[in-house]
Amino acid sequence: MIFSSIKYGDSFEKYPAAVQTALEYLKSHDFAAMEPGVYEIQGRDIYAQVFDAQTVPADSKRAESHEKYLDVQFLVTGRERLGFTKNTGNYKVAEFIEERDLIFYEAVEDEGYIESRPGCFCVFFPSDIHRPEVISGEPMKVRKVVVKVSTALL
């Protein structure tokens, strides 16, 4: 997992090339002005999902992971907490939606949380279980972008 902010101006050179592509895309677009939807960056190898969501209590949001893509989650507006833990391979799967590369878990252990603000990004690899859109302070609508990066590019 990587957590940082587009605003810090850090060099993205330390990240894999495909992640650099995703971060440059995030840095160069005004997502507040874009319509929700899917935007191809490099076909289906790298694409962005722009959407609005409502933050909810942690127990209302299921922990998830992905096998074929990593997530580069970027917060445009609002505040959210992101849960995270290592995927030990020992957690019971509640639901697997293969066509969406989405695995939900019944429960996870040793979950930590980070506070995300506009400009923050978090890279979740297949080895990371995450729980997005958790309330930070009070429930609110957030605008997010999730750039999906095929693990085949790493």
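Q: How many bridges join E2 to E3, and in which sense do the two strands run?
A: Strands of a sheet pair through backbone hydrogen bonds, either parallel or antiparallel. In this predicted model, E2 and E3 run antiparallel and are joined by five bridges. Two of the residue pairs can be named. Glutamate 40 has tyrosine 47 of E3 as its bridge partner, and glutamine 42 stands opposite isoleucine 46 in E3.

Q: Which strand does E3 pair with over nine bridges?
A: That partner is E12, and the pairing is again antiparallel.

Q: In what order do the strands of the open sheet lie?
A: Six strands make up the sheet, in the order E1-E10-E5-E12-E3-E2, with antiparallel pairing. Strand E1 (2-5) and strand E2 (37-42) are the edge strands; each has a single partner strand, so one side of each is left without a neighbour in the sheet. From one strand to the next, the twist averages 20 degrees.

Q: How many helices and strands does the protein chain have, and in what order do the elements run?
A: There are one helix and 12 strands. Read from the N terminus, the order is β-α-β-β-β-β-β-β-β-β-β-β-β. The radius of gyration is 15 Å, close to the 15 Å that the globule rule gives for 154 residues, so the chain is as compact as a globular protein of that length. The C-alpha trace spans about 40 × 35 × 25 Å along its principal axes.

Q: What share of the contacts links residues 24 or more positions apart?
A: Counting contacts in the protein chain with a separation of 6 or more, that share is 79%.

Q: Which residues of the largest nonpolar core touch the most other members?
A: In soluble globular proteins, nonpolar side chains tend to be buried together. Here the largest nonpolar core has 24 residues, and those touching the most other members are Leu23, Leu26, Phe31, Val72, Phe121, Val145 and Val147. Helix H1 (17-27), strand E3 (46-54), strand E5 (69-77), strand E10 (120-124) and strand E12 (141-150) each supply at least two residues of this core. H1 gives the most, with six residues. Apart from this core lies another, of six residues, including Ala63, Tyr91, Tyr105 and Val108.

Q: Which residues does valine 147 touch?
A: Not counting residues up to four places away in sequence, valine 147 touches Ala22, Leu26, Ile41, Ile46, Tyr47, Ala48, Leu70, Asp71 and Val72.

Q: What share of the residues counts as buried, and how much area does the protein chain expose?
A: Of the 154 residues, 47% count as buried. The chain exposes about 7,700 Å², of which carbon and sulfur atoms supply 47%.

Q: What is the phi of aspartate 101, and where does this residue lie?
A: Most residues other than glycine have a negative phi. Aspartate 101 has a positive value, near 50 degrees. The residue lies in the loop between strand E7 (93-97) and strand E8 (102-105).

Q: What is the phi of aspartate 110, and in which loop is it found?
A: Aspartate 110 also has a positive phi, of about 55 degrees, although it is not a glycine. Its loop is the one between E8 and strand E9 (112-116).

Q: Are aspartate 101 and aspartate 110 buried or exposed?
A: Aspartate 101 counts as buried, at 5% relative accessibility. Aspartate 110 counts as exposed, at 71%.

Definitions and conventions. Residues numbered from 1 in each chain as written. Predicted model: local features only at pLDDT ≥ 70, side-chain atom pairs only at ≥ 80, totals over all residues. Heavy atoms only, no water. Core = buried A, V, L, I, M, F, W, Y, C linked by side-chain atoms within 4.5 Å. Buried < 20%, exposed > 50% of the residue type's maximum accessible area, 1.4 Å probe, protein only. Helix = DSSP H or I, 4+ residues; strand = E, 2+ residues; numbered from the N terminus. Contact = heavy atoms within 4.5 Å. Pairing = 2+ DSSP bridges. Axes fitted to C-alpha atoms, helices over the stretch in contact; angles between N-to-C directions. Rg over C-alpha atoms; globule rule 2.2 N^0.38 Å. Areas by Shrake-Rupley, 256 points an atom, 1.4 Å probe, with all protein chains shown as cover.
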